[in-house]
Structures are given as C-alpha cells and as structure tokens.
Amino acid sequence: MIEPLTVPADARPRPDYLTGTKGLQIGGIEVPARSGRTFATVDPVTEQPLATVSAADAADVDAAVAAARRAFTDPAWADIAPYQRTLLLLQVADVVEANAEELAVLESLEMGCPLTQTRWMIHHCVEVFRNHAGWPTKLYGQTAPSASSQFQYVLRQPLGVVGAIAGWNGPLLQMVYKIAPALATGNTVVCKPSEHTSLSTLRFAELLAGTDLPAGVVNVVTGDGKVTGQHLMSHDDVAKVAFTGSTATGKHVLATSASNLKRVTLELGGKTPYIVFADADLEKAASICALAFCAGSGQACVAGSRIFVQEPVRDEFTELLVGAMAPYRAGLGDPFHPGTRMGPLAFRGHYERVNGYIGLATEAGGTLVTGTEPIAGGGLYVAPTLIEGLDNKSRVAQEEIFGPVSVLMGFRELDEVVDLGNDTVFGLAASVWTRDLATAHRAAARLDAGSVWINRGSQMSAGPLPFGGHKQSGLGREHGTQVLDAYTEPKSVIVELS
Ligand code: TXE
C-alpha cells in the first residue's frame, strides 16, 4: 500500500486571490461574463471547488478581441520605439518575478503539481520574457537587390490580434510562450487558458496593471474550450491562433482557421522515445528516464512514455530504472508537502483516462513491472507505472497517455530502434543514450522529432533553440529565431525612384 504524503488542511496555502468570483480581464479591467455565468475550478488533492471563475461566451470574446484590436493600433503600443518595447517586456518579467510565489501556489493548487516544479515553471516564464525582450531591437527587415531606378525592401510587421489557447499542464508557461513573442513583435493578445487552470493566467493579467503596458495589449477570457475557445479561434478579427493542447483539438483549430486563413501554430502531443544503448551510462540513463515520465506525474508533451533499451543490458537497465522510480513512488503526495515528487493527476476525467490505459495494457498482455500497489485514500494519485511485454504497435505504446506511465521495449541495433522510435504519428522529441558519438549523431539525424537530446532528458529552451513537433506533434515553432516568422508578416515595398 502506498501512503501519499499529506498536509493538514489548515496548513495548505489559501491565497486571498481565491476569494470572490474571478472576472475576465478585458481592456485592463476585470469584468464579469455578460451572461453572469461562472464555473468552479477544482483542487485535485481535495476534489473540492477552489475558486469561481467567469465563463465567457461569444459576447465576451467579441469584447476582448475588440479591446485587443484597439490596443493594436493605439499609438501608445503601435508607434513606440523598439527599445521601449524591450523595456515593457522587462517590466512584465519583473512583475512576474516579484509575484512568483503566489503564481506558483495558484498553479499547484489548481493542477496538483508539486510546488518545487511550479516554482521552476514560473521562474522559466521570467526567463522567457527577458529573452524575448531582446528581440524588438533586432527585428530587421531586408533590402532587396534592384535596378538603380528602384528601392526595394521588406518590412517585418506584426499580424494583429493573437488568440493564445493553452493546456492545463503548464498553464502560465504555455501562455507565456505565446504572449512573449507576440508582444516582442508588436501584436496584442487574447488568452484562453484551460478551463482546468484559469487562475495563474488571470492573476498574471491583473498584475500587468503594475507595468506600463497599455490596457488591452493582453486580455484573458476564461471558459470551456468548446464555447470560449471555439469563439476565439473562429473570430474573424483574430489574425493568428497559437495553440497548445491535444492533437485532436489542434487539428480542429487548423481546420477552423481556414475560415479567414488565420496563421496557426500548434504545440501538440508526443510519444517521446528514450533510447538506451548498451554502452550508455546506464545509471544516469535510468535516473533521467524515471524523471522523464514521473516528473509532473507524466503530464507533459515531452514525457518519456516509450523506453527502448538494447537487449544485452535490458535486465540490468530495468532493475536500475525500477530503483530510480522508487523516490517518485515514495514522494507521491500533496503538492505542498516538501517531500512530494509527484502530485495527483490534474482532474478526475484525466485520472480515469490514464487508468483506462493502464487497464488496456494488461488486457493487451502487458505486465506491470511497477504500479500494482494500491494507494491509500484514493484521490487522483497514480503510482509510477512501468509496463513490459507490449510491442510498439499496441495502443498503449502509440497513444498519448499523459500520466506517469511508460512502456519498456527492447531493441537490437540502431536501424531497428530508429524505425521503432519513428513508428508513431507523433514527432515531438527523442532522447538517445550512448557513449558512441557516431551512433548519437546518426540517431539524431534520422529520428523524426523536433528536438533530440543526447545523453540527457528534456531541456526546455528559454530562447535560442526552436521548439515544436514534426508530424502530428505540431506546426511551426516556439522560441528560436523561427518564432519571429510565426508572429510577423513580411511586406514587400517597391519605391520607384525615377
Ligand atoms: O486538451 P484539449 P485537454 C493532451 C493530453 C491530454 C489531452 C486532453 O494527452 O490528456 O490532450 O487534454 C481548448 N476550440 N494535451 O482536454 O481539449 C481547451 O479549453 C478552441 C497535451 O485539456 O486539446 C484548452 O484551453 N479551444 C498538451 C486547450 O484547448 C478548445 C496540453 C487544450 O484542450 C476547443 C494539454 C475548441 N473546440 C493536453 N476545445 C501538451 N501538448 O502539452 C478545447 N479547447
């Protein structure tokens, strides 16, 4: 029996921010939904309501898009010097940093992720804003070769209103990955956080009052994906949708964007292979593989949900991996307990979905190497679960589970494991473990993934490296220089001089 770590109810944080109905953030003001409708956001530890949040419908989305549209042409935003834009982004970073603890607590309360991890995510938001603050002064256009009778150049201009839609597993961070480049390039934003995790994005927008950012540059509408999200992404005055979420919804966003040919970037699911060759540092590989599917309770697009190990070391590696998972099993518990390494899953529907996949694994003939022990007190906890005895074609090895569940499979040589690693509709990331440089580079070149990590696990970039997926893991990139193309439009200008 696993006994999750607990914290007495009166010792759990209860920020003042949770009091009262949380309104929408439109044009720099907190407003209730016009319909007066609200919904409850739920604490996954207690499964009790945490806060009441306004449910935006079409009229509210229209108001938010109109506010963003006005801000887009407001001289206080549209006409400022690039360096002033840099200073504004730095102010935003400062305000997030100054309120980091409150934002992290709100996220831990709402999604159950250990406070140590939400603190890291909020700190990363600060880095992302500071990194993007460097872009406004470096957004060069081009001059083009032309006859002496003409001057030709290419301007790089913002798109307009960006609809930013995010998932629940890194609520503010996923939003900041969209807000920071949008602002750095002169766009304005309407954010739609996941209905499971609205609070940190709402609070962030409220905190912007402490900066010189003009009202309406960042707006937030909260509510259900099928209502609030749907209106936002199909709005004709929204020039671009930047989306993080499931592949199914991502495809729907892309199809809907055809109505007015919106620009679209999509950060979707993954089925990241961790590939361990016999010559690797097995102990380190085991420790990072455990982290890769246990951190955040495996609720990450880059989770190491498939582990391929070379046959000669399979037994030895499996033993090391089970050992490396032990601290997560022992550290299952309340996100506010200092010993917690894994919190509950974010909400009941998702908990049931993850358990459904574990049931499917055993039905399909898989063996649970770990994850069979019952958990005291029920709740939404899922123990780290390692599955053997399934092949890569099984549903559990093919579909994104988004929980602390990984399938361990064997392989003999490089060609075989590259084929196995690539045999999925996803292509977000891959991790390769070997001391042989040639093997590492060959694998990196051939794996169909937006990011490949050699002898390490995932590393989320604050700036220099583009992040995004091949195949059905996404479209376009966040970060890197590539992100600038995703938030700007080139304009060719021809001046007749003669
Ligand atoms: O995702 P959805 P959910 C994966 C993960 C998870 C599964 C389901 O496998 O178990 O998706 O999660 C909004 N128009 N990831 O249900 O439905 C929705 O309100 C406009 C991967 O949360 O894709 C939310 O804000 N918007 C992942 C966002 O889309 C709509 C992050 C994501 O919701 C909409 C999250 C619609 N019709 C889940 N329907 C990652 N890549 O990290 C929903 N939304």
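Select the charged side chains to begin: the chain has 38 positive and 51 negative ones, and the centres of the two sets lie 4 Å apart. Lys and Arg count as positive and Asp and Glu as negative, with His and the chain ends not counted; each charge is placed at NZ of Lys, CZ of Arg, CG of Asp or CD of Glu.

This is a predicted model, in which local features need pLDDT of at least 70 and side-chain atom pairs count only at pLDDT 80 or more, while totals for chains, interfaces and linings use all residues. Residues are numbered from 1 along each chain as its sequence is written, and side-chain values use heavy atoms, leaving out hydrogens and water.

Next, show the whole chain as C-alpha atoms. They fill a box of roughly 75 × 60 × 40 Å along the principal axes.

Switch to a cartoon view. The chain has 16 helices and 21 strands, which are DSSP runs numbered from the N terminus (helices: H or I, at least four residues; strands: E, at least two).

Now colour by burial. Of the 498 residues, 56% count as buried, meaning under 20% relative accessible area with a 1.4 Å probe, protein chains only.

Finally, select C289 and C294. Which cysteine sulfur is closest to that of C289? It is the sulfur of C294, and at 10 Å the two are too far apart for a bond. A disulfide is a pair of cysteine sulfur atoms within 2.5 Å, and by this rule the count is 0. C289 is buried, at 0% relative accessible area; C294 also counts as buried, at 0% relative accessibility.

Notes. Buried means under 20% relative accessible area, exposed over 50%, partly exposed in between (1.4 Å probe, protein chains only).
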